[in-house]
Amino acid sequence: MTTATPPPPALRLAGISHTYSGQRRRTTVLRDVDYSFERGTFYTILGPSGSGKTTLLSLASGLDTPTKGAITFDGHDLTTLGLGRYRNKHAATIFQQYNLLTYMTALQNVTTAMEITGAKPPTGSRKARALQLLESIGLDKAITARNVMQLSGGQQQRVAIARALACDVDILFADEPTGNLDEDTAQGIIDTFRDLAHQQDKCVVVVTHSQQLAAQSDRVLTLRKGKLTEQTTSAR
Ligand SMILES: Nc1ncnc2c1ncn2[C@@H]1O[C@H](COP(=O)(O)OP(=O)(O)O)[C@@H](O)[C@H]1O
Ligand SMILES: [Mg+2]
């Protein structure tokens, strides 16, 4: 009899600790964090301000390396796979501060990201795909032709979301993505995240303060005192 080995999780954090070393003191933000994130699942991470949520996302998205422990994507260590390759091909991040290219239009921000990561739309041109995504989250054509510095915070946030969605990746990270959005737009974004996980088998990991958002995710995690724990359904 043969027993099939289950596939490795999309993303595994194994014994992750992280310490920032300042000139005068060291701050340990994460302590022995162990967790496996799977495809087809929409996760939210809650936690008080300063608890290390952004730090956790920056490690999981390959922007920084943990002081201790290992992070694997489909069983491959990120440092062996290459952080640049991981960020280009496998993981997209919607940052708290948007990180848009300020000298470009909204549309150019999205098409440039597609060019850099080599994302090819299923049909049509990159520009057509970018316009479709921008429109689907409420930015009309006239707005997408504007320089991003001429857009409101909420509009910039939507450009950042469209940019991440345009890159065909396995894992999508977002850091408080609905913070600057009105309730209707925020709900549209939550629906998009859920569809990406459930219809397109992506792994979606969202840091949020919103109980409304967390209640609609499949698994709710809490980061507190350097530890990541999962809430059981009955506690929700
Ligand atoms: N680059 C850094 N250097 C030193 N300390 C940092 C740095 N980034 C974050 N911190 C500290 O790490 C802790 C966690 O920060 P952060 O991950 O941004 O938390 P959160 O996103 O949950 O608000 C805070 O005490 C913060 O001051
Ligand atoms: Mg943060």
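Strand 2 (26-37) and helix 1 (53-60) each contribute at least two residues to the shell around ligand 1; helices (H or I, at least four residues) and strands (E, at least two) are DSSP runs numbered from the N terminus. The structure is a predicted model, in which local features need pLDDT of at least 70 and side-chain atom pairs count only at pLDDT 80 or more, while totals for chains, interfaces and linings use all residues. Residues are numbered from 1 along each chain as its sequence is written, and chains are lettered from A and ligands numbered from 1 in the order in which they are written.

Helix 1 gives the most to this shell, namely three residues. Among the residues around ligand 1 are Tyr20, Thr27, Val29, Lys53, Thr54 and Thr55, where a residue is near a molecule if its C-beta atom, placed from the backbone, lies within 6 Å of it. Sorted by class, the shell has two nonpolar, nine polar and one charged residues; Ala, Val, Leu, Ile, Met, Phe, Trp, Tyr, Cys and Pro count as nonpolar, Asp, Glu, Lys and Arg as charged, and the others, Gly among them, as polar.

Now for the protein as a whole. Its fold contains nine helices and ten strands, and buried residues make up 41% of the 236 residues. A residue is buried if 20 or more other C-beta atoms lie within 10 Å of its own, exposed if 12 or fewer, and partly exposed in between, with C-beta atoms placed from the backbone. Glu115, found in helix 4 (residues 106-117), counts as exposed because it has 10 C-beta neighbours inside 10 Å.

In soluble globular proteins, nonpolar side chains tend to be buried together. Here the largest nonpolar core has 68 residues, of which Val110, Ala166 and Val205 touch the most other members. Such a core is a set of buried Ala, Val, Leu, Ile, Met, Phe, Trp, Tyr and Cys residues joined through C-beta atoms within 7 Å.

A further feature is an open sheet of four strands, in the order 2-1-4-5 with antiparallel pairing; two strands pair if DSSP finds at least two bridges between them. Strand 2 and strand 5 (76-77) stand at the edges with a single partner strand each, so one side of each is left without a neighbour in the sheet. Strand 1 (residues 11-21) and strand 4 (residues 68-73) are joined in the antiparallel sense over five bridges, and Arg12 has Thr72 in strand 4 as its bridge partner.
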